[in-house]
Amino acid sequence: MNTRSWTVLRRDGVSLVLAHPEAGLPAVLHWGADLGDLGPDDLAALDRATSRQTAPGTLDAAWRLPLVPQDADGWSGRPGLLATRDGRPVFPRWTTEVEHESGTELRLTATDADSGLVLRTAIAIGAGGLVLLDHEVANTGGGDLDVAWLEATLPVPKAADSLTQFAGRWTREKSPLTTPMPRGTTVRESRRGRGGHDAPWVTLASKGTPRNRDGAVWAVHLGWSADVRHRVDRVNEHLTAIGAGELVRPGEIRLAAGESYRTPTAYFAWSAAGLDGVADRFHTWMRARPQHPSTPRPLVLNTWEAVYFDHDRSRLEALARKAAEVGVERFVLDDGWFPARRDDTAGLGDWTVDRSVWPDGLEPLAGLVHDLGMQFGLWFEPEMVNLDSDLARAHPEWLLASPASVPSPAGLSFRTQYVLDLANHDAFEHVRSQMSALVRDLGIDFIKWDHNRDLVEAVHEGRPGTHEQTLAAYRLIARLKADHPGLEIESCSSGGARTDLGILAHTDRVWASDSNDPVERQDIQRWTELVLPPELIGAHVGPSPAHSSGRATPLPYRIATSLQGSSGFEWDLLSCNEEETAQVTAFAALYKELRGLLHSGTVVRPDVLDPALRVRGVVAPDRSEAVFTVATVASLEDALAERLCLPGLDPERRYRVRMRDEIGAARWGWVHPGWLDGGETVLSGRVLAEAGLQLPVLWPVQALLLHATAV
Ligand code: DGJ
């Protein structure tokens with residue numbers, strides 16, 4: 001088919017070239033490296049160069065992958081849109097108009113009057129070269145239109161021969177698995193009504209197993225906090241397509257005439273510089289958002305593992321005093337403060353203070369915390385309800401459930417809690433007004449917003465309700481933040497089961513995992529950081545042994561792991577001895593010294609050989625300094641450790657590299673590399689990146705913190 005015109009979008013090292021055919025939706029000719037300025041002749045030549053003949057034994061189709069591929073494109077993969085009208089299939093024939101075009105953004109409206117459809121598409125290259133793709137379909141015909149799915153896809157070269165997908169479980173979120181690229185269509189679904197610990201998270205196509213610092217990688221992430229579908233189509237007549245969309249249940253998106261459905265934004269990152277390049281695109285885009293936290297990320301103490309449900313005013317006040325002494329800046333009271341909440345069987349839904357435990361309310365604690373110069377945070381689980389609550393007794397009809405699943409059959413229960421139907425206006429208002437009153441009366445600075453149960457058989461007014469529930473949760477968060485300027489909110493979901501860019505459009509950080517075992521955290525945080533910059537990733541020092549795994553780890557290691565995120569404690573600091581108190585106090589000071597760099601710099605991870613090593617650095621934007629963590633998660637394979645290459649520094653400048661032993665000493669074998677005598681060395685960025693420093697033979701579960709500063 002002839003091309004009418006082309007659109008070129010370019011930003012931060014990425015080009016996206018689209019061809020507008022005479023009929024139908026535009027096709028992507030190129031998504032990847034910046035192709036430079038392309039004039040009409042270049043574009044016509046590129047068009048010809050990437051056109052192709054009909055393959056033998058296949059349909060006589062145009063063979064270009066339009067933004068929403070369909071059967072009529074000769075596409076045997078998964079369609080981009082699947083919809084039915086009154087049970088009959090809809091096969092759109094689009095007529096496309098460009099509504100807006102700039103060097104970084106294209107907005108289109110495609111219509112099919114016969115099918116009664118309008119499709120609005122926005123594709124943009126944001127800061128960092130991240131590509132954002134949104135679709136919206138409207139029903140302009142008579143009768144209802146059922147949308148089974150509408151998904152975003154982009155083509156990647158067939159040379160992408162490997163596929164990396166994520167899974168996980170509670171306390172072990174975001175575990176990647178790389179396989180050869182499967183043939184045909186591969187779909188990964190999440191049906192938990194929240195991302196889930198095993199959420200698809202990011203789908204990566206790459207040339208070979210993805211490496212940290214080199215190699216081509218194409219990534220997709222969906223900004224949606226409930227059911228999602230990630231997809232890869234490796235069909236033989238086309239380029240491979242990667243993409244994602246919301247998973248909706250049959251009948252969930254039923255559009256009456258005039259109604260429309262908008263997809264969550266799909267985020268696509270291409271990089272020739274491996275996983276670090278992908279992370280850099282996401283981080284740069286996130287940091288450019290107007291709502292990105294701009295104040296120093298406070299050092300947190302969260303009380304969960306310190307006291308669990310055992311709330312006692314004098315003990316918690318003593319903990320607040322100790323936290324302030326150590327240098328904590330935000331004190332967060334976790335679960336257990338509202339009526340009947342002596343364990344996890346009751347109370348959710350009644351957001352008032354339990355006077356049997358807090359006879360004077362929470363005002364004295366909040367007042368003390370503020371007087372000590374700290375922010376006050378409080379835990380809520382606003383989307384949930386226990387049957388044993390005043391709310392459920394008064395309004396059983398506010399549950400988001402099919403009547404048959406209340407009370408839950410064994411397979412459906414979790415912590416005896418249910419989901420509150422926030423798409424019900426009265427339920428929404430009840431929770432909003434109770435929360436709002438507490439935020440106002442206590443001067444709450446921060447909410448830890450938890451979400452602990454999968455949504456199962458979620459039914460709202462007789463129809464599948466996950467989509468509306470998710471939008472209502474976003475609305476509730478947005479409303480509370482609008483009504484209480486400055487209020488910060490953390491997304492927690494039994495740890496890191498809800499960390500996507502949809503929830504982060506409304507919240508300020510995530511709780512990456514309920515595992516405070518720093519060995520597990522090394523990898524959980526590493527993969528969370530593929531999308532989220534470190535300042536958004538809650539990472540706390542817990543006790544040893546860790547409550548979630550029983551593993552004992554040295555305090556310096558726990559501190560080094562916490563410094564890789566938004567730091568804090570998940571620990572009863574009252575139990576610390578003098579030495580530990582001194583060490584955590586030094587950590588607090590070090591965090592405050594380094595966080596400006598740690599929370600604004602470029603994250604780098606040299607590729608290392610030893611499977612027991614985890615090396616990660618943050619390099620200042622002006623490359624004047626960097627901080628690197630070297631950690632072991634097991635014993636090293638070789639008798640001599642490998643050399644540590646420190647990437648990302650200015651090759652022409654010289655750096656003083658020294659150990660920051662405020663975190664406490666690491667232990668290693670008898671070999672003592674010469675550069676560690678005297679505790680520092682001075683070398684150029686080029687030497688540090690290319691020749692590296694000999695590492696000591698670190699014992700298992702030990703960490704070094706190295707600080708490089710330009711001289
Ligand atoms: C699950 C969270 O992940 C924990 O941090 C804690 O807040 C508990 N819920 C409280 O019930």
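Let's start with an open sheet of four strands, whose order is E5-E4-E10-E19 and whose pairing is antiparallel. Strands here are DSSP runs of E with at least two residues, helices are runs of H or I with at least four residues, and both are numbered from the N terminus; two strands pair if DSSP finds at least two bridges between them. At the edges lie strand E5 (88–89) and strand E19 (254–255), each of which pairs on one side only. Inside this sheet, strand E4 (residues 81–85) runs antiparallel to strand E10 (residues 145–150), and five bridges join them. To find your place, look for Arg 85, whose bridge partner in E10 is Leu 145.

A word on the model: it is predicted, with local features needing pLDDT of at least 70 and side-chain atom pairs counting only at pLDDT 80 or more, while totals for chains, interfaces and linings use all residues. Residues are numbered from 1 along each chain as its sequence is written, and side-chain values use heavy atoms, leaving out hydrogens and water.

Stepping back, the protein has twelve helices and 41 strands. Its C-alpha trace spans about 80 × 70 × 40 Å along the principal axes. For 711 residues, a compact globule would have a radius of gyration near 27 Å, and the protein agrees with its 27 Å; this radius is taken over C-alpha atoms, and the globule rule is 2.2 Å times the number of residues to the power 0.38.

Axes are lines fitted to C-alpha atoms, for helices over the stretch in contact, and angles run from 0 to 180 degrees between N-to-C directions.

H11 (residues 578–598) also packs with helix H10 (residues 555–562), at an angle of about 20° and with axes 11 Å apart. The two helices are therefore roughly parallel to each other, a label for angles under 35 degrees. Leu 555, Pro 556, Ile 559 and Ser 562 of H10 make the contact with Glu 580, Gln 583, Val 584 and Phe 587 of H11, where contact means heavy atoms within 4.5 Å.

Technical notes: Angles under 35 degrees count as roughly parallel, over 145 as roughly antiparallel, 65 to 115 as roughly perpendicular and the rest as oblique.
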